[in-house]
Amino acid sequence: MKKNGTKNLRINEEVGRELSRIIRELKDPRVSMMTSVMDAYVATDLKTCKVYVSVLGDETRRSETMRGLESAKGFIRRELAHSLNMRNTPELTFVMDRSIERGAEMSRRIDEVIRHDEEVERQRDGHEDGGEGACG
């Protein structure tokens, strides 16, 4: 089977959807309610799965959530096996996905540059207007 074949993509989507549901239902207080499964990549042999999660909050909240997910890994895998009819239930590896955080930081930086450019433009327009009025 091709690495990114249609079947593998469908499996990734379905596993990601089920993991999202299972994680939302966890009772572990360490796992933040603001935890999202961003992606799940199941190996073609169905033995391993990398789960990319995003957690809204500070670094303490993120590390607590990761500890909670690691602790609940067996339970999550068992629930996944019950809800999906797969030949093998993959071993889960949780990875912190910081793409939303990086995106927000880039957006903030872009806004700063735009504000700076607008300020420079206003100052330049002010000097041009003042210069013309003084000469004319």
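**Exercises on a predicted model**

L56 is found in the loop that runs between β2 (48-55) and α2 (59-71), where strands (E, at least two residues) and helices (H or I, at least four) are DSSP runs numbered from the N terminus. The model is predicted, so local features need pLDDT of at least 70 and side-chain atom pairs count only at pLDDT 80 or more, while totals for chains, interfaces and linings use all residues. Residues are numbered from 1 along each chain as its sequence is written, and side-chain values use heavy atoms, without hydrogens and water.

**Exercise 1.** Determine whether L56 counts as buried or exposed.

*Solution.* Buried means under 20% relative accessible area, exposed over 50%, and partly exposed in between (1.4 Å probe, protein chains only). The relative accessibility of L56 is 59%, so L56 counts as exposed.

**Exercise 2.** Classify L46 in the same terms and describe its phi angle.

*Solution.* L46 lies in the loop between β1 and β2. Its relative accessibility is 8%, and therefore L46 counts as buried. The phi of L46 is positive, about 65°, although L46 is not a glycine.

**Exercise 3.** Identify the aromatic pair of the structure and its geometry.

*Solution.* The structure holds one aromatic pair. Y41 and Y52 form this pair, with 5.7 Å centre to centre and 80° between the planes, which is edge-to-face. Rings of Phe, Tyr and Trp (its six-membered ring) pair if their centres lie within 6.5 Å; planes under 30 degrees apart count as stacked, over 60 as edge-to-face and the rest as tilted. Y41 lies in strand β1 (residues 35-42) and Y52 in strand β2, so the pair ties together parts that are 11 residues apart in sequence.
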